[in-house]
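Reader: I'd like to go through the labels used for this model and hear what stands behind each one. Can we start with how residues get sorted into classes?

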Amino acid sequence: MPIALISDIHANQEALQQVLKSIRSRQIEEIYCLGDIVGYGPNPNECVEMVRTSCKKVLVGNHDYAAIGKTDITYFNKHAKHAALWTRKQLKAENKKYLNTLKFTHQNDDMLMVHASPTNPEHWYYVMNPQDAAVEMQSFKQPVCFVGHSHIPAIFTAEKEISENSFTLKTEQKYIINVGSVGQPRDGYPESCYCLYEPETRQVEYVRVPYEVNKTYEKIIKAGLPEFLAKRLLKGY
Ligand code: ZN
């Protein structure tokens with residue numbers, strides 16, 4: 001049975017609902033969330049609660065930490081900063097407490113999971129290309145590491161990027177796989193993205209799921225969040 005990996009939901013309730021529906025329709029029971037449940041979007045409480053009840057393991061992202069005042073947001077751009085401060089005000093105490101319990105990594109013999117980078121999970125570095133991947137791979141022993149953070153689905157070896165929607169990992173090869181973003185895709189497609197992985201066959205598959213982008217757009221505007229954060233959802237940038 002494959003596992004489902006989701007990341008970067010960013011308080012987008014409509015997107016998360018459709019992704020969970022898609023995962024359940026495949027009878028998949030194990031869902032792992034790689035962080036950034038909140039930040040940017042209009043429904044932080046709803047998303048924290050849905051993730052908490054639906055996922056087997058949930059890791060922390062930089063926007064989750066920003067929302068509970070555990071990370072420095074001076075390096076955030078103005079839209080991210082605005083949204084982080086807004087989210088801080090919106091989050092229920094119970095949900096803040098929950099975000100505060102989340103860990104940076106999850107691992108077993110076969111795989112590692114982390115929001116940003118395996119070498120320094122708490123520094124939120126990006127893994128954007130095979131060169132970054134080659135450096136990061138020195139810090140873990142497992143054959144595969146799943147990450148989020150960039151919002152761009154990608155499969156990296158130390159030598160190249162593999163641009164396939166469905167791919168079987170080779171033995172004797174190490175991979176870093178970005179699972180894409182549920183709530184704010186940045187690869188030019190507005191549809192939510194998540195990743196399936198079958199540990200037995202080592203099969204990776206990306207799934208894209210359309211959702212009511214216009215509804216989220218309206219909610220962002222109504223909440224007084226920056227219009228840019230609404231607009232980018234329409235085109236996935
Ligand atoms: Zn993110």
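Author: Ala, Val, Leu, Ile, Met, Phe, Trp, Tyr, Cys and Pro count as nonpolar, Asp, Glu, Lys and Arg as charged, and the others, Gly among them, as polar. Bear in mind that this is a predicted model. With those classes, the lining of the largest pocket splits into six nonpolar, two polar and five charged residues.

Reader: What is the volume of the largest pocket, and which residues lie closest to its centre?

Author: The largest pocket comes to about 270 Å³. It is lined by 13 residues, and the closest to the centre are Pro153, Asn165, Asp187, Tyr206 and Arg208. Strand 8 (161-162) and strand 12 (203-209) each give two or more residues to that lining.

Reader: And what makes up the lining of the second largest pocket?

Author: The second largest pocket holds about 190 Å³ of space. Of its 15 lining residues, Tyr40, Asn62, His63, Tyr75 and Tyr126 are the closest to the centre. By class, that lining has six nonpolar, six polar and three charged residues.

Reader: Over to the metal. How do you know which atoms are donors of the zinc ion?

Author: A donor has to be an N, O or S atom within 2.8 Å of the metal. Asp8 (OD), His10 (NE2), Asp36 (OD) and His151 (NE2) lie 2.0 to 2.3 Å from the zinc ion, so they qualify as its protein donors.

Reader: What spacing do the donors follow along the chain?

Author: They follow D-x1-H-x25-D-x114-H. Asp8 sits in the loop between strand 1 (3-6) and helix 1 (13-25), and His151 in the loop between strand 6 (144-147) and strand 7 (154-156), so this pair ties together parts 143 residues apart in sequence.

Reader: What makes Asp8 and His151 buried?

Author: Buried means under 20% relative accessible area. Asp8 has 0% and His151 has 2%, so both are buried by that cut-off.

Reader: Last one: what makes the largest cavity a cavity?

Author: A cavity is a set of points where a 1.4 Å probe fits but cannot get out. The largest cavity holds about 40 Å³ of space, and its lining has four nonpolar, six polar and no charged residues. Helix 7 (213-222) and helix 8 (227-235) each supply at least two of the lining residues.

How values were computed: Residues are numbered from 1 along each chain as its sequence is written. This is a predicted model: local features need pLDDT of at least 70, side-chain atom pairs count only at pLDDT 80 or more; totals for chains, interfaces and linings use all residues. Side-chain values use heavy atoms; hydrogens and water are left out. Donors are N, O and S atoms within 2.8 Å of the metal (3.2 Å for Na, K and Ca); water is not among the atoms, so sites may look incomplete. Helices (H or I, at least four residues) and strands (E, at least two) are DSSP runs, numbered from the N terminus. Buried means under 20% relative accessible area, exposed over 50%, partly exposed in between (1.4 Å probe, protein chains only). On a 1 Å grid over the protein atoms alone, a cavity is a set of points where a 1.4 Å probe fits but cannot get out, and a pocket is an open set with protein on both sides within 12 Å along at least five of seven lines; lining residues have an atom within 4 Å of a point. Grid points are joined across faces, edges and corners, and a volume is the space filled by probe spheres set on the points.
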